[in-house]
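This report describes a single protein chain. It turns to one group of paired strands and then to the chain as a whole.

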Amino acid sequence: MTTQKISRFHRAAVALVLPVAAIGALAACDDSAASQAAPAAGPEAAVPSTSTSAAPAAGLHMIANNGHQLAFHVTPGGSPTIVLDAGGGEDSSYWDALVPQLSQATGSQIITYDRAGMGASEEVQGPWDPQAAASDLQAGLRELGVTQNVVLAGHSQAGEVAHYFVLANPGVVSGAVLIDANVPQFFTDTQIQRIVTLTAPQIEELKKAPSTKANRQLIATADNFGPTHQAYHKVSWPDSVPVIYVVSDKTPFDGSPQDAQAWRDAAAAFVKAGPDRTLVTAKGSSHDVPQDEPVLVLNEIAQMTATVK
């Protein structure tokens, strides 16, 4: 492997521990910059949330779960409800360009949110835990009165949240679109060790950098990565939930053919592991499929939405 390819593989491995986020850019962020990403008062001023059978109001809802506040954003519409979950290092603003187009195309209510420590949501101490993240999503949807007929779309790291969410909430998700998402089949012991080894120097540099909200979240995502993903490797997607899996052409490992093939093989294995699963390739796209191929992502979510209506 050439020096250039090693460098690319390092970045790809970091993209799985710290998906989507750019290490250099985030290391340079400070808490004030992170706070600027939070929605401003006005049309998006927080709506006090109380459980109700009525449709939630449009805009920002701050919802409590396990001692921390989470930001959920509602675009009104009908059923099914589309929930968009961004990859690691990204908040709900990742979907800003897609939401109005998706709303017009489907007429569905759309919910985006900031996972703990991202955007306007509060931080949680300790390593990032995908099961706790699934609990946060569960709390938010329940508070907003969304308890059934959900189309869940998740990118990258959100694939882990999606798995734990559907298992913990049977009957809530009618269909899912996983977009170059982390699936259990990829995280073999060998692959986990490669990722941990290759990202260790970057994580150590982050620990030496100024302690900012962004950096703390990156470190939390890397902490306990091995055991977290050994457990995730044993998780299975329920057969009762149909899913479209969109795999990127270049994968997170562009420049490392061996690992790119392992990513594609894992996607194919996930699709073959159960009924009602479809594999779609985003040709020419990087791992950042929602940004590179938004029309494809829009069409696949709209197709799943039409299927479950």
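Strand β2 (residues 59-65) runs antiparallel to β3, and seven bridges join the two. Within this pairing, Ala-64 lies opposite Gln-69 of β3. The model is a predicted one.

The two strands form a hairpin with two residues between them, and in this hairpin Asn-66 adopts a positive phi near 50°.

Strand β3 has a further partner in strand β5 (residues 108-113): these two also pair in the antiparallel sense, over four bridges. In that pairing, His-73 has Thr-112 of β5 as its bridge partner.

## Burial of strand β3

Why is strand β3 described as largely enclosed by the rest of the structure? Strand β3 spans residues 68-75, and six of its eight residues are buried; the strand is therefore largely enclosed by the rest of the structure. Buried here denotes a relative accessible area under 20%.

## The chain as a whole

The protein chain contains 12 helices and nine strands. It comprises 309 residues, of which 52% count as buried.

Among contacts in the protein chain with a separation of 6 or more, 78% are between residues 24 or more positions apart.

Note on methods: Residues numbered from 1 in each chain as written. Predicted model: local features only at pLDDT ≥ 70, side-chain atom pairs only at ≥ 80, totals over all residues. Heavy atoms only, no water. Buried < 20%, exposed > 50% of the residue type's maximum accessible area, 1.4 Å probe, protein only. Contact = heavy atoms within 4.5 Å. Pairing = 2+ DSSP bridges.
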